[in-house]
Amino acid sequence: MESMRDVNRVMEREIAKGSSPLKLDHIEFGEYSYQEITSKEKLLEVLSYLLRIGDFSQYTGKAVINNVYMDLPGKKPVFKRTKTAMQRNKIFATIKRYANKLKPEYNGDVYLETVRCYFTIPEENLEKCRYTYQGNETYAFLLSDKYILGLYTHCLVARKEAASTEVQVEGFTEKEYGMVRLENVGDVLFQALLFDNVKFEVNRIYVDLYTIYH
């Protein structure tokens, strides 16, 4: 991974070119964070949902090109955006083969982790992103490829740093706390940051970072 100084420099240049200046504020864990994947069929269903393919292609909108997906074209994972369903189907086939290679037993060894990544943007910039879609007021952010990948890098770094902090979530089991600390996890089978499902709370914007651990 390149240095965060280099990542930030690239992001500043992209802002100067017109990218919306979204900044990662923090990440959060919650009752939604851990879901056990108990079968191969469930794993394929989760992958299909994250990649917006198959039965979940109905969730595909224009913003799907902003999502960042893990791919394995070689021995090391790469993270990229996709432009077509064909590219996402190709990633699905690659991750499916990788899962077969790992040979999960689905007896508590495969989990989906969901981490919410909260972003901030200056109010004056947010107003410029406001528009009306089908009668509803919403926002659209102009984000270049390099800027989105920069945000993704910030989310990954924040997730790694969270492993060494005292995260407290009501109802978490010791096993779940162990996964937060990255103690009870093995390989990263798949990862995705879904910008096509941006959520808005009061003065807060967040997207979900998904990781499948084996």
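Trainee: Which backbone oxygen does the side chain of Arg81 reach?

Mentor: This is a predicted model, and in it the side chain of Arg81 reaches the backbone oxygen of Ile65 at 2.7 Å. The side chain of Arg81 also makes a polar contact with the side chain of Asn66, at 2.9 Å.

Trainee: Where does Arg81 lie, and which residues does Arg81 touch, not counting residues up to four places away in sequence?

Mentor: Arg81 lies in the loop between β4 (78-80) and α3 (85-102). With residues up to four places away in sequence left out, Arg81 touches Ile65, Asn66, Asn67 and Val68, and also Leu143, Ser144, Asp145 and Ile148.

Trainee: Which way do the residues of β3 point?

Mentor: In a regular strand the side chains alternate between the two faces of the sheet. Here Val68 and Met70 point one way from β3, while Tyr69 and Asp71 point the other way, and all are buried.

Trainee: Which residues stand opposite Tyr69, in β4 and in β8?

Mentor: Lys80 in β4 stands opposite Tyr69, and in β8 the bridge partner of Tyr69 is Ala192. The pairing of β3 with β4 is antiparallel, over three bridges, and these two strands form a hairpin with six residues between them. The pairing of β3 with β8 is antiparallel as well, with two bridges joining them.

Trainee: How should I read helix α2, and which of its residues are buried?

Mentor: One can begin with the span: α2 (residues 40-51) has twelve residues and reaches 16 Å from its first C-alpha to its last, close to the 16 Å expected at 1.5 Å a residue. The buried residues of α2 are Leu43, Leu44, Val46, Leu47, Ser48, Leu50 and Leu51, and they pack against β3 (68-71), α3, β5 (111-120), β8 (188-201) and β9 (204-213). Just after α2, Arg52 takes a positive phi of about 60°.

Trainee: How many residues does the largest nonpolar core have, and which element gives the most to this core?

Mentor: The largest nonpolar core has 35 residues, and those with the most contacts inside it are Leu22, Phe29, Cys117, Phe119, Phe141 and Leu193. Two or more residues come from each of α1 (4-17), β5, α5 (145-162), α6 (174-180), β8 and β9, and α5 gives the most, with eight residues.

Trainee: What is Phe119 in contact with, leaving aside its neighbours within four places in sequence?

Mentor: Phe119 is then in contact with Leu22, Lys23, Leu24, Asp25, Leu151, Cys155, Phe195, Ile205 and Val207. A second, separate core of 26 residues includes Leu44, Leu50, Ile53 and Ile91.

Terms used
Residues numbered from 1 in each chain as written. Predicted model: local features only at pLDDT ≥ 70, side-chain atom pairs only at ≥ 80, totals over all residues. Heavy atoms only, no water. Helix = DSSP H or I, 4+ residues; strand = E, 2+ residues; numbered from the N terminus. Polar contact = N/O pair within 3.5 Å; in protein donor to acceptor, adjacent residues only side chain to side chain. Contact = heavy atoms within 4.5 Å. Expected span 1.5 Å × (residues − 1). Buried < 20%, exposed > 50% of the residue type's maximum accessible area, 1.4 Å probe, protein only. Pairing = 2+ DSSP bridges. Core = buried A, V, L, I, M, F, W, Y, C linked by side-chain atoms within 4.5 Å.
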